[in-house]
Amino acid sequence: MKGLIVAAGQGTRLREKGEQKPLIPIRGVPLIERVIATLAQAGLEEIVVVTGYRAEALTPRLREIGQKHAVTIIPAYNPAWQRANGVSVSAARQFIEGEFLLTMCDHLVEPDLISDLLAAPVEPGTVTLAIDRQIDRPLNDPEDVTRVKFEGNHLRAIGKVIRDFNGFDTGVFRCSPVMFEALAESQARGDDSISGGMTVLAEWDKARVFDIGSRLWLDVDDPLAFGKAEQLLATGKL
């Protein structure tokens with residue numbers, strides 16, 4: 001199974017920390033290197049990284065990081081990087097066959113979260129989203145996080161503004177190729193986001209959820225979250 005990391009956007013909310021979000025050091029290690037290291041620790045040996053904004057600066061660093069962690073990094077350029085993140089996933093389609101593990105360059109998670117998701121049973125032809133049921137845990141901003149509604153292990157709804165929700169989207173997905181079909185359908189409807197693709201999959205009853213339990217995760221997308229990440233890393237919790 002390959003990994004897929006979306007790293008194409010500008011990351012403007014973290015601009016005060018650095019010009020290029022994936023390369024911003026957090027406790028001395030670039031953000032994207034921490035994500036790559038986590039996937040490598042979970043056993044992934046090939047990782048596709050979708051670049052976009054300032055790709056010419058990011059791509060050479062990816063090769064160095066791959067060598068350091070003994071993984072093969074495959075850069076995939078998204079010329080439409082200013083569009084929503086689902087377009088970046090679609091840009092990697094030519095490099096992926098079969099199942100893949102999808103995550104974001106700014107999401108830090110416990111390595112065991114990835115291992116647990118990869119070890120869990122899955123239904124063929126579905127996409128499984130790792131979700132956090134602890135919606136009262138203050139680690140991630142409840143006003144910014146993507147919300148989900150699920151019944152059993154079936155995803156019913158996903159989005160930033162849904163009110164009837166019972167979990168959070170961690171940004172980690174175990175995907176079959178049906179993800180690309182759903183993203184194409186969502187984009188045809190005018191929604192370029194990954195959440196749009198998951199909405200289509202929910203309509204097709206091909207979207208599943210995996211409860212991460214007590215595992216920690218953090219979307220490092222603004223200075224407040226960056227500070228939280230530094231504290232968690234300093235205490236060995238991430």
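This is a predicted model: local features need pLDDT of at least 70, side-chain atom pairs count only at pLDDT 80 or more; totals for chains, interfaces and linings use all residues.
Colleague: What volume does the largest pocket have?

Modeller: Rolling a probe the size of a water molecule over the atoms shows where empty space is left. On a 1 Å grid over the protein atoms alone, a pocket is an open set of points where a 1.4 Å probe fits, with protein on both sides within 12 Å along at least five of seven lines, and its lining residues have an atom within 4 Å of a point. Grid points are joined across faces, edges and corners, and a volume is the space filled by probe spheres set on the points. For the largest pocket, this volume is about 820 Å³.

Colleague: Which element gives the largest share of the lining of the largest pocket?

Modeller: The lining has 33 residues, and Lys-21, Asn-85, Met-104, Asp-106 and Asp-219 lie nearest the centre of the pocket. Two or more lining residues come from each of strand E1 (2–7), helix H3 (85–91), strand E11 (167–175), helix H6 (194–203) and strand E13 (217–219), where helices (H or I, at least four residues) and strands (E, at least two) are DSSP runs numbered from the N terminus. The largest share is three residues, and the element that gives it is E11.

Colleague: How many residues in the lining of the largest pocket are charged?

Modeller: Asp, Glu, Lys and Arg count as charged, whereas Ala, Val, Leu, Ile, Met, Phe, Trp, Tyr, Cys and Pro count as nonpolar, and the others, Gly among them, as polar. On this division the lining has twelve nonpolar residues and twelve polar ones, and the number of charged residues is nine.

Colleague: Which element gives the largest share of the lining of the second largest pocket?

Modeller: About 180 Å³ of space lies in this second largest pocket, and its lining includes Val-29, Glu-33, His-69 and Leu-238. The elements that give two or more residues to this lining are helix H1 (31–41) and strand E7 (107–109). The largest share, five residues, comes from H1.

Colleague: Are Lys-21 and Asp-106, whose side chains meet in a salt bridge, buried or exposed?

Modeller: A salt bridge is a side-chain nitrogen of Lys or Arg within 4 Å of a carboxyl oxygen of Asp or Glu, and for Lys-21 and Asp-106 the distance is 2.5 Å, N to O. The pair links distant parts of the chain, 85 residues apart, with Lys-21 in the loop between E1 and strand E2 (25–26) and Asp-106 in the loop between strand E6 (100–104) and E7. Buried means under 20% relative accessible area, exposed over 50%, and partly exposed in between (1.4 Å probe, protein chains only). Lys-21 has 10% relative accessibility and Asp-106 has a relative accessible area of 10%, so Lys-21 counts as buried and Asp-106 is likewise buried.

Colleague: Which residues are linked with Arg-156 in a network of salt bridges?

Modeller: The side chains of Arg-156 and Asp-205 meet in a salt bridge at 3.9 Å, N to O. Arg-156 lies in strand E10 (residues 154–159) and Asp-205 in the loop between H6 and strand E12 (207–211), 49 residues apart. Arg-156 counts as partly exposed at 39% relative accessibility, and Asp-205 is partly exposed at 34%. The residues linked with Arg-156 in the network are Glu-123, Glu-151, Asp-205 and Arg-208.

Colleague: How many of the residues of H6 are buried?

Modeller: H6 is mostly covered, and among its buried residues are Ile-194, Met-198 and Leu-201. Out of its ten residues, the number buried is seven.

Colleague: Is Thr-146 buried or exposed?

Modeller: Thr-146 lies in the loop between strand E8 (127–132) and strand E9 (147–151). Leaving aside neighbours within four places in sequence, Thr-146 is in contact (heavy atoms within 4.5 Å) with residues including Ile-158, Phe-168 and Ser-195. With a relative accessible area of 12%, Thr-146 is buried.

How values were computed: Residues are numbered from 1 along each chain as its sequence is written. Side-chain values use heavy atoms; hydrogens and water are left out.
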